[in-house]
Amino acid sequence: MMAATVIAIIAQRNLFSVVVLAGVYSFLMATVLVALDAVDVAMTEASVGAGISTVLLLGALYLCGGEEAKPMARPWLPLAVTLVIVGALVYGTLGLPAFSDPMAPIHTHVVPRYLGQALAETGVPNVVTAVLASYRGYDTLGETVVVFTAGIGVIALLRRARRGKEKGK
Amino acid sequence: MRREPVLRVVGKLLIPYMLVFALYVQFHGDFGPGGGFQAGVITAASIIFYALIFGLPAARRAVPEALVEAMVALGAFLYVAVGFAGLALGGNYLDYFVLHPNPVEGQHRGIFWVEVGVLVTVSGVMLKIFYVFAGRGRES
């Protein structure tokens with residue numbers, strides 16, 4: 001179903017249906033993540049991917065019109081680059097341990113300690129929250145700063161555009 | 001869309017519940033799925049929903065732009081401040097054990113305030129981006 005959605009996105013020329021299909025894709029991805037028992041990530045995917053970004057893309061469509069422009073040149077070079085990268089990524093997955101292999105490095109390094117000790121050390125039953133906010137507090141601080149920087153960037157760029165327009169008058 | 005009675009009634013009914021659900025996701029993040037990021041996005045989504053139904057000026061009156069811009073900075077500041085609070089009380093940066101005599105309780109406190117910081121920044125940024133994008137077409 002996800003593959004069908006992606007093909008539909010590529011084939012569509014109307015950008016409005018592309019945006020809606022991208023939202024559908026996000027919801028399908030969220031169900032896949034629920035099936036993988038990653039409820040926290042699924043929630044984020046559903047709310048950010050299908051909710052906020054759909055609204056923002058629709059807002060952008062309102063500004064720039066609904067039809068995709070015809071491509072300027074034949075896309076053979078980008079296609080070749082993409083195929084090479086896909087090949088490299090697929091080759092890279094061959095080196096990963098098999099799916100759900102209990103002896104994979106990720107299961108033997110720090111994860112047993114997190115899973116075993118998180119409740120006793122932090123008193124937080126949801127291990128995802130414990131890891132995110134406590135054990136990996138620096139990483140989450142970095143993420144918050146990234147979001148903050150994005151907001152500041154948007155404010156700086158679009159505010160200046162507005163002020164420039166006023167001067168032009 | 002201002003004249004649509006069904007949308008207005010359903011929106012008025014649903015938006016308080018969306019905000020409460022965001023708070024539930026925020027404070028219940030210790031026990032179930034969720035946390036500051038998801039709760040921030042849900043908060044922003046409910047206000048965007050309000051803006052879509054009742055119009056952007058009404059949303060700007062309910063949640064003024066100056067407040068949103070302050071939220072963007074305040075959340076990140078709160079997170080950093082929690083880190084320095086740990087430092088001031090004799091621990092390492094972002095060390096929660098020292099925030100309370102009982103280390104587990106201190107962890108709880110640290111995670112709580114950090115998640116509040118994430119919530120404030122994320123909802124502020126999402127709303128600001130929406131305001132800026134939605135406001136552009138009208139002003140020019």
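Author: Helix axes are lines fitted to C-alpha atoms over the stretch in contact, and angles between N-to-C directions run from 0 to 180 degrees. Helices are DSSP runs (H or I, at least four residues) numbered from the N terminus, and strands are runs of E with at least two residues. The model is predicted, so local features need pLDDT of at least 70 and side-chain atom pairs count only at pLDDT 80 or more, whereas totals for chains, interfaces and linings use all residues. Residues are numbered from 1 along each chain as its sequence is written, while chains are lettered from A and ligands numbered from 1 in the order in which they are written.

Helix α1 (residues 2-11) of chain A packs against α2(A) at an angle of about 165 degrees, and their axes are 9 Å apart. Angles over 145 degrees count as roughly antiparallel, under 35 as roughly parallel, 65 to 115 as roughly perpendicular and the rest as oblique; α1(A) and α2(A) are therefore roughly antiparallel. The crossing of α1(A) with α2(A) is left-handed, a term for a near helix turned anticlockwise from the far one by less than a right angle (clockwise is right-handed). On the α1(A) side, the contact is made by A:Met2, A:Thr5, A:Val6, A:Ala8 and A:Ile9. On the α2(A) side stand A:Val18, A:Leu21, A:Ala22, A:Val24, A:Tyr25 and A:Leu28. Two residues are in contact if their C-beta atoms, placed from the backbone, lie within 7 Å. This contact of α1(A) with α2(A) has 10 nonpolar residues, 1 polar and no charged. Here Ala, Val, Leu, Ile, Met, Phe, Trp, Tyr, Cys and Pro count as nonpolar, Asp, Glu, Lys and Arg as charged, and the others, Gly among them, as polar.

The contact of α2(A) with α3(A) divides into 17 nonpolar residues, 4 polar and 1 charged.

Chain A has 8 helices and 0 strands, and its pattern along the sequence is α-α-α-α-α-α-α-α. It has 169 residues, of which 18% count as buried. A residue is buried if 20 or more other C-beta atoms, placed from the backbone, lie within 10 Å of its own, exposed if 12 or fewer, and partly exposed in between. Of the contacts in chain A with a separation of 6 or more, 34% are between residues 24 or more positions apart.

The other chain can be set beside it. Chain B has 5 helices and 0 strands, and of its 140 residues 44% count as buried. In chain B, 61% of the contacts between residues at least 6 apart join residues at least 24 apart. One of its helices, α2(B), has 16 of its 19 residues buried, so it is largely enclosed by the rest of the structure.
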